[in-house]
Amino acid sequence: MTVFDTTLRDGEQTPGVSFRQDHKFAIARQLSDCGVHAIEAGFPASSPGELESVKAIAAMDLDADVCGLARMMKADVDACLDANVDLVHVFIPTSEIQRVNTIKKSPEEVVAATRDVVGYVREHVDSCMFSAMDATRTDLAFLIEVSRAAAEAGATIVNVPDTVGVYTPTKMLQLIGTLVPEVPAPLDVHCHNDFGLAVANTVAAVEAGAAQVQVTVNGIGERAGNADLAQTVMVLESILGVSTGIELKRLVETSRLVSRYSGIAIPPIQPVVGDNAFSHESGIHSHGVLANAATFEPGIMTPEMVGHRRRLTLGKHVGRHAVRQMLADVQLEPADAELDRIVEKVKAIANRGKRVTDADLYEIAETVLGLEAVGRRIDLRDIAIMTGTHAIPTASVRAIVDGAERVAACTGNGPVDAAIRAIGKIVPLPVTLKEYGIEAISGGSDAIAHVTIAVEDERGHVFDASSSGDDVVLASAEAMVNAINLLSRAKQE
Ligand code: MN
């Protein structure tokens, strides 16, 4: 099974997204390194800048094939050839509604243009993908005719796009099953997610014999987007046992990279890569997972497989087993009666609608166990921020670290980023920032900011802590320091 990624093309069609050039390079590199077979880098004929961008990606010497998009016209193909792509993707509308209203060509003219332009592509490059745009709303006999014509003219792969996302898995199974014996080229699908069926339709196409899938990272794309790479690949690999060649362990990092560069957040409940994808809160579930992870996680997809982590969260449904486990991780071993009191207090906080962080749990446990609060390794004394329309955001921090004063300054993308980086500089141990969340507690510009931060140590253990205040930079810095103190404390014990 080959995986064809259109994150760069479809991402640019996503409302509000315009990737920076260096970000496009980073995404292309990441996808290729993860084993994606082909990357559609853009539409060279659309502008001189786009041509240069596709050319630069084609020159990166990636393992993945680099593809350029072209309308069914030689001038567009020439722009792709100028960009030195490995593969040219030509498309033409084939449904009556699009044919009559956009290109104003008869079916005969569509077939003639396809033969002519696909043949022209193959005079210059070895690989050509043909797309019958709006295939799923195209008369079946005509779809077969134009797809055959493309294959006979030299198309090395024939794409069947569900351009407006109106198909269902059953229909896709029938359509691809019908096309496979009729079209003398491997088939590919490009499914849109308007009804939430993009991944299901893509998987159905594979079951019916498609040889390639088109996907985007995080499912980004115009309107409701496209089939998601991580979900499609995991269904193929884990449920159907189809090998994709994708390095599964890098799915989460790839998703986060594209989320950061596209500015489109990943919903917590996003399958495979979302923050909650492997989180367990309720007592019965976390008890089961601790006894045997396969109780509430299908063994065919574990967090480790996709580069994620299993997480037990504290909430109103939390059970004794989960709390005991979380405390054992920092060498706190309450007796049964003490554990009951700790769980009771955790539930009381959660019932007020507040997120219970690790820091809250340890504080509760220390109180119940009558322990002295363990000393803070880092004590933030001062923080100064400079930012403005023309100034690079810069933060300087002064803190007492292990009894000695330390000072550091850092620039960042914004004041919060600068502050967190500066704190990172004075920390005497390796720490990675895993999550940063902020919510406004009241509605106005004077809202109290509640910042939650999770940091990870080099063993992959994650600790979260929070802080609130009317100064978002200060709250962020305090939350970061709180989280690092927890991490270093767990390390000492
Ligand atoms: Mn599309």
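## The barrel

Here 8 strands close into a barrel, in the order 1-2-3-4-5-6-7-8, with parallel pairing. Strands are DSSP E runs of at least two residues, helices are H or I runs of at least four, and both are numbered from the N terminus. Two strands pair if DSSP finds at least two bridges between them. On average, neighbouring strands of this sheet are turned by 25° against each other, direction ignored. Axes are lines fitted to C-alpha atoms, for helices over the stretch in contact, and angles run from 0 to 180 degrees between N-to-C directions.

Helix 3 (residues 48-58) packs on the sheet, where it touches strand 2 (38-42) and strand 3 (65-71). Its direction makes about 155° with that of strand 2. Contact is called when the C-beta atoms of two residues, placed from the backbone, lie within 7 Å. Asp188 has Gln212 in strand 8 as its bridge partner.

## What you're looking at

This is a predicted model, so to speak of local features takes pLDDT of at least 70, and side-chain atom pairs count only at pLDDT 80 or more, while totals for chains, interfaces and linings use all residues. Residues are numbered from 1 along each chain as its sequence is written.

The protein has 17 helices and 16 strands. It's divided into domain 1 (2-262), domain 2 (279-369) and domain 3 (378-492), with bounds from an automatic or database domain assignment. The centres of domain 1 and domain 3, taken over C-alpha atoms, are separated by 42 Å. Along the principal axes, the C-alpha atoms fill a box of roughly 85 × 55 × 40 Å.

Of the 493 residues, 45% are buried. Buried stands for 20 or more other C-beta atoms within 10 Å of a residue's own, exposed for 12 or fewer, and partly exposed for anything in between, with C-beta atoms placed from the backbone. Among contacts between residues at least 6 apart in sequence, 65% join residues at least 24 apart.

## Helix 8 and its two sides

Helix 8 (residues 169-182) passes a quick length check: at 1.5 Å a residue its 14 residues should span 20 Å, and its end C-alpha atoms are 20 Å apart, which agrees. The expected span is 1.5 Å times one less than the number of residues.

Its buried residues are Met172, Leu175, Ile176 and Leu179.

## Ile284 in helix 12

Ile284 sits in helix 12 (residues 283-291). It counts as partly exposed because it has 13 C-beta neighbours inside 10 Å. From Ile284 to Phe296 it's 12 residues in sequence and 9.7 Å in space, C-alpha to C-alpha.

## Strand 15 and its partners

Strand 15 (residues 449-456) has 6 of its 8 residues buried, so it is largely enclosed by the rest of the structure. It runs antiparallel to strand 14 (residues 432-440), joined by 8 bridges, and Glu439 has His450 in strand 15 as its bridge partner.

Strand 15 is also joined to strand 16 (residues 462-469) by 8 bridges, again antiparallel. Ala454 stands opposite Asp464 in strand 16. Strands 15 and 16 form a hairpin with 5 residues between them, and Gly460 in the turn has a positive phi of about 90°.
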